[in-house]
Amino acid sequence: MREPTNQPPAPARPAEGDQPGGADEAVAALERIEAELDEVDAALDRLDDGTYGRCRVCDAPLSDAELAERPAASTCAAHEVAAGP
Ligand SMILES: [Zn+2]
């Protein structure tokens, strides 16, 4: 006989509408998505002019692992933080 593990109920998503802060979260998510879109756009541009896959700070080629993790990355791991938006 197998007994299912007794899981606590998953936290319900707050109802839309009367949650202060819900809109802020949505705006933050939207801004994150727009930033990602910008990165992808920039990556496509770099693909066009042949600089895709290179760090724009030190010009080092990005590793396959880095590109697999962040296909739109424009900097190597060392410059990822320093480069900023
Ligand atoms: Zn670099």
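Reader: Is aspartate 59 buried or exposed?

Author: Bear in mind that this is a predicted model. Counting around aspartate 59 gives 9 other C-beta atoms within 10 Å. The cut-off for an exposed residue is 12 or fewer, so aspartate 59 comes out as exposed.

Reader: Where does aspartate 59 sit, and what is its phi?

Author: Look in the loop between α1 and α2 (64-69), which is the place of aspartate 59. Its phi is positive, though the residue is something other than glycine. The value for aspartate 59 is near 65 degrees.

Reader: Which residue with a positive phi follows α1?

Author: Past the end of α1 there's a residue with phi near 80 degrees, a positive value. That one is a glycine, namely glycine 50.

Reader: How far apart are the end C-alpha atoms of helix α1, and what span should its 27 residues give?

Author: Helix α1 covers residues 22-48. At 1.5 Å a residue, those 27 residues should span 39 Å. The end C-alpha atoms agree with that, because they are 39 Å apart.

Reader: How many of the 27 residues in α1 are buried?

Author: To be buried, a residue needs 20 or more other C-beta atoms within 10 Å. α1 is hardly covered, and its count of buried residues is zero.

Reader: What about the protein chain: how many helices and strands, and what share of its 85 residues is buried?

Author: From the N terminus on, the elements run α-α-α. That's three helices and zero strands. Of the contacts with a separation of 6 or more, 25% join residues 24 or more positions apart. As for burial among the 85 residues, the share is 6%.

Note on methods
Residues numbered from 1 in each chain as written. Predicted model: local features only at pLDDT ≥ 70, side-chain atom pairs only at ≥ 80, totals over all residues. Helix = DSSP H or I, 4+ residues; strand = E, 2+ residues; numbered from the N terminus. Expected span 1.5 Å × (residues − 1). Contact = placed C-beta atoms within 7 Å.
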